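Reader: I'm new to this one. Could you walk me through how to read it?

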Amino acid sequence: MAIVEMKKLLLVGLQADRDRILNAIQLMGNVEIDNIELEEPVQEGQDGENTLLQRYDGQGVVERIESQLSELKFALDFIGRYRNLKRSAFAPKPVVSIEELHKVSENADSILQVAATCRKLEQRLAELSSRETRILGTREQLLPWKDLNVSLEQIGNTLLTTHTMIGTIEKGLAAQFEARMQEFGTREFYIERVGENKEQVNYFLAYHKDLAQEVDKLLKELGFNRVSFNMKGTPAEIIKRCDDELRDIDAERKKIEEQAKALAVRANELEVLYDALSIQRDKEEEGLKLLQTGQAFVLKGWVPSRFAEAFVSRIHGITSAVYIRLDDPEPDELFPVAYDNPPLVQPFELITELYSTPHPRSIDPNPFVAPFFFIFFGIMMGDAGYGIIMALLAYLAIRKLNLKGMAKKLIMLVFLGGISTFLWGAVFGGWFGNAGQLLGLPPLWFEPAVQPIKMLIFCFALGLIQIFVGMGIQAYMSIRQGRVWDAIFDQGLWYVTLIGLVLMATGLKVVGQYMALAGAIGLVLTQGRHQKNIIKRIFSGILSLYNITGYFSDMLSYSRLFALALSGGVIGTVINQLGLMAAKSWFGWIIAAVVLVIGHSFNMLMNMLSAYVHSSRLQYIEFFGRFFEAGGHAFKPLRIKTKFIDVYKEGEAV
C-alpha cells in the first residue's frame, strides 16, 4: 500500500529490432517511455549515415494512421445506422489474439476499401438529400399555383399585344382588389383567382399592352406582389415531375440502404482493424520520443521495480543485440507515480486522481482516504434502502459489464458506497425516509433527527480523528525525511494542545488545562524557530496560536455529515407522505407507487451526488490540507488500449 518504486530505464538497440522491442513493451504494458531531448545537431559520416542521434521521424506514419482511423470510425458510424443487430451494452467484447490482429492488419487495404465504399455511399446519400431538398422547395413554391393552367414560360410580356403576369395580394385586401379590377369592365382585361392560403390570394392577370400603365399604377396602389418562376410547363405538370423525381430519389435511397446493410457483415472486421490501428498509432506516437542514428535507437523510460527483471528477460528473449541499464532515480529526480493497493482500496484511488497526483517521494494517501470516504459517504446518504439498491445495481454492472480503468473504479466506488449507506442507514434507522419507522424497524443506535446534538458531536469526533490522522501522516513524512524535531514541534505540540482543549470540553478540566497550556507554550517557543531575530521568533510563535481557529474551522466543516443525512431523510419522509396521501383507492395506490418510485429515485440520485461531492471535499480540504504534497505525474505506460475488442495474450485478455 504505497507508491510503486521505479527503475530508470536506458535501452539501446538496433533499428532492425526497434518494432519488435516496442511491440513487446506495448504487450507487457509496464514501461513509460520518456521524451528524450535532442541537445546536439545531427552530423553525417563519410558514408552519408548519421553519426549523432536525431529524432525519429515518424510523424507522417502517425498522421496516415489517424486518417485511416477517421475513415474507419466514419464507416462504423455509417453502418451502425443500418445494422439490424445492435450489440448489447452488457455483451462482452470479442476476444482477439495477437496473431488475429496481425492477420487483420495485413488485410487492411481490403477492409479500408469497405470504408471507402461507405464514404461513397454517404456522399451519394448527401447528393440525393440535397437534390430532394431543392425539389421539395420547388414543389412547395408551386403548390399554391397548381390550378393555374398556363405554362410558366409563357407568362410575361409577349412580342405581340398581350401582357400576362401572376402575383399575390394579402387575403384581407382580396375583395377590394377584385372590385377595383372590375373598373376595367369589358375592356381587354382578364383576371382569375388561381389559389390561396391563410395569408394571401394568388391571381393570374392578362391585359392589352395599352392598359399597362393603368394596370401597373393600380397594382402598385393595392400592394400587388408580382411572382415569377424560371420553369417550363404548368405548375401541375412541374409538381408531377417533382413527385416522380422524389419517388426516384426514394427508390435510389433504398438501394443505397440495402447496400449499407449488406456491408454490415463487415462491421466486425472494421472494429478489429480500428483497434489494431489504434494500437499501432499508440506505438508510433511513443516511438516519436526515441532518438536514433542510422543503425541504432535510444529509449529512455521508467519501469516498476517489481517488473524490471521480467522486462530485461523479455527483451533479451527478442534479441541479444541490445543494451539495457536500470538505475534507481536520483535523490532529487521525479519519477512517475503508480499505486500498489489492495482491491478494496483501488476504487478510492479515483478520489485522489481527480484531485492531483502526489509527489513521488511523498506517501500514498489512498489507504487513508478509503476508510474515511467510505464512512462519510454512508453517513451522508444515511438510508439503508438506498444502500441496498445502489449495491445491487453496481453489483449487476460489475458482473455484466466488462469495465476497466476509471469506469471500473467508479462502479466499485458506488458498490462500496452502497454497502456503507446500508450499514449507516441501519445504524440511524433510515429506510426509504421514515418507512422503517412506519414498519416498526428501530435504529440500531439512535435517530439523528431526534438527537441532533449527539449526532453533531459524533460528526465532530470523526472530523477530529481524520484531522489527527492527517497530522500523523505529516509527522511520519517529516521523520522519514530525517526531520524528527519538525514532527515533534509542528505536529506533536499541536496534538498536546488540541487534546488538552478536547479534555477541557469533556469535563477533565484540570488535565486538559495543563496539556493545552503546555502545548501552547511549546508552540510559542518553537513555531518561530526559523527566524534569526529573537523578537521575531517569539512573535511568530505567538501568532502561530491563531492557527487554532483553522483547526476548529476544519472540525466544524464535518457538520455537513449531519446536514446531508438529515436533508435526505426529510425529503424521503415527505415523499412517503405524498404517496400515502394519494393511496385512498386502487387507482390512488397506482399514483402512490409512481410518486414513491420517481420521488425516491430522484432523492437517491441527488443524495449520491451530494454525498460524493461533500465527502470528496472533506478529503481535499480538511484532510489533504494537513499533509498532501502534489507535484507528481501519473504513470502512463505504453500498453494495449482498445475500444471494440479485448486482446488475448499468454492466457489472459488485456
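Reader: Which helices and strands each supply at least two residues of the lining of the largest pocket?

Author: Helices (H or I, at least four residues) and strands (E, at least two) are DSSP runs, numbered from the N terminus. Here the list is helices H1 (18–28), H8 (267–287), H9 (305–318), H10 (349–353) and H13 (405–428), plus strands S13 (339–340) and S15 (652–653). H13 gives the largest share, five residues. This is a predicted model, where local features need pLDDT of at least 70, side-chain atom pairs count only at pLDDT 80 or more, and totals for chains, interfaces and linings use all residues. Residues are numbered from 1 along each chain as its sequence is written, and side-chain values use heavy atoms, leaving out hydrogens and water.

Reader: Which residues are closest to the centre of the largest pocket?

Author: Those are Gly405, Lys409, Phe635, Pro637 and Arg639, out of 45 lining residues.

Reader: Now helix H3. Which of its residues are buried?

Author: Buried means under 20% relative accessible area, exposed over 50%, partly exposed in between (1.4 Å probe, protein chains only). In H3 (residues 98–106), Ile98, Leu101 and Val104 are buried. Looking down the axis, the buried residues of H3 fall within an arc of 120° (taken from the directions from the helix axis to the C-beta atoms), so they line one face of the helix. Exposed Glu99, Lys103 and Glu106 sit on the face turned away from that buried side.

Reader: And how many bridges join strand S7 to strand S8?

Author: Two strands pair if DSSP finds at least two bridges between them. S7 (residues 189–196) and S8 (residues 200–208) run antiparallel, with seven bridges. Tyr190, for instance, has Ala206 in S8 as its bridge partner, and a hairpin of three residues joins S7 to S8.

How values were computed. On a 1 Å grid over the protein atoms alone, a cavity is a set of points where a 1.4 Å probe fits but cannot get out, and a pocket is an open set with protein on both sides within 12 Å along at least five of seven lines; lining residues have an atom within 4 Å of a point.
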